[in-house]
Amino acid sequence: MSRLVAIVGRPNVGKSTLFNRLTQTRSAIVDDTAGTTRDRQYGKVDWNGQEFSIVDTGGWVVNSDDIFEEEINKQVEIAIQEADVILFVVDASVGVTDLDDKVAAILRRSKKPVILVANKEDKGDARFNVPEFYSLGLGDPVEVSSANGAGTGDLLDLVVADMPERTEDEAPEDNVAKFAIVGRPNAGKSSLINAFIGEERHIVTDIAGTTRDSIYHRYNKFGFDFYLVDTAGIRKKQKVNEDIEYYSVIRSIRAIEASDVCILMIDATRGIEAQDGNIFSLIQRNKKGLVVCVNKWDLIEDRSLEAQKRYEAAVRSKFAPFTDFPIIFTSALTKQRIFKVLETAIQVYENRKRIIPTSQLNTYMLEQIAITPPPSNKGKFVKIKYVTMLKDAFVPTFVFFCNLPQWVKEPYRRFLENKIRDKWEFSGTPIQIFMRDK
């Protein structure tokens, strides 16, 4: 089951700093100016072997001069509705404010698990202000300093403890592929789903979790057998007054995490937009298989082979450095090439499961390494002696054993990955390269 944590609170309490600390990135812009965060940030957190997605939201404000106030507040509400756990961040150095009271009232009505995070506890006498936050009625405040990381370990322990667990009867069969159709609004996702199952429905089972979980539709038609991943958000969209672009990403997080292969829909009439890049990044962070489907190709005037090649080059350039994925030009309305999409998704799924025998791997890769060895560092040379492929890994994972693994830099890892892709079929799936001491 996908797991989503939302960080909410009034402006300038350190939400983005906490986001960067928990994701161990510097993705969110941090500044003392209130209202800095407008575009949402999404990340992955791995704590004690448990992974979950986390979303940073803008600061909740009312009656401000910010022209984005309404949109920011609307998106905060969406994050609260969709999250499994909410981190309510307050500023311990300031104490309780009127805006804190307003946000707390919204959170109490949501009936979601809320963890009250008293941030900036390292500032002056901030710790003496912490008892004030009991007045918000949201339980014990957790004292942290997102700037230096103090208390974040205890916070993550609480987050993981509050995560809902999936029961065994909710999980689909592991040996059946799970495909998610994701993309911007109006890219043709619903039309493609209707093209797949809209005639005579051959749905064997609908396996659903709780109302907020992903739903797996078993599809066994025309020789195909897979689960089509849907989400509760798709079913309830008409009930939510949302910012459509933002809501599409929240839905995509759940669908992506529940799938093996993602079919990313791009509207050919609108080109590649920023939201496409956001969803592609989510797929990459979750290490899922990818098939890019350029939909509405029937509406393009120039549908020549040269035009396809130009469009394909633009897509790969936008999504670089990962460019080894299939691109299919379709029309869900006329059903042009829709079965090619399914065939390709099945092929990507099989590529994810591909295992290369160790003997073949060493014969080929050690020869390539001998031709192009790793660059020397301070007069010392990296010597790679052995390579193997992990058999039970989530994605194709290769381990190279050498004398100085810390000196093998990212460019050479990409070289090794490219050589593997040149020799064996791993199109559409990410590859992990690890260097280990021999």
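Author: A92 counts as buried, because its relative accessibility is 0% and the cut-off for buried is under 20%. This is a predicted model. A92 sits in a loop.

What does A92 touch, beyond its neighbours within four places in sequence? The contacts are A118, N119, K120, E121, A126, N129, V130 and F133. Take N119 from that list. In sequence, A92 and N119 are 27 residues apart. In space, their C-alpha atoms are 5.6 Å apart.

Now the wider setting. The protein has 438 residues, and 53% of them count as buried. Its secondary structure comprises 12 helices and 16 strands. Consider the contacts with a separation of 6 or more: 70% of these join residues 24 or more positions apart. The accessible surface of the protein is about 20400 Å². Carbon and sulfur atoms hold 48% of that area.

The largest nonpolar core has 55 residues. V8, F88, L107, V182, V292 and F325 have the most contacts inside this core. Look at V292, leaving out residues up to four places away in sequence. Another core, of 24 residues, lies apart from the largest one. Among its members are L228, V291, A332 and V341.

Technical notes
Residues numbered from 1 in each chain as written. Predicted model: local features only at pLDDT ≥ 70, side-chain atom pairs only at ≥ 80, totals over all residues. Heavy atoms only, no water. Helix = DSSP H or I, 4+ residues; strand = E, 2+ residues; numbered from the N terminus. Buried < 20%, exposed > 50% of the residue type's maximum accessible area, 1.4 Å probe, protein only. Contact = heavy atoms within 4.5 Å. Areas by Shrake-Rupley, 256 points an atom, 1.4 Å probe, with all protein chains shown as cover. Core = buried A, V, L, I, M, F, W, Y, C linked by side-chain atoms within 4.5 Å.
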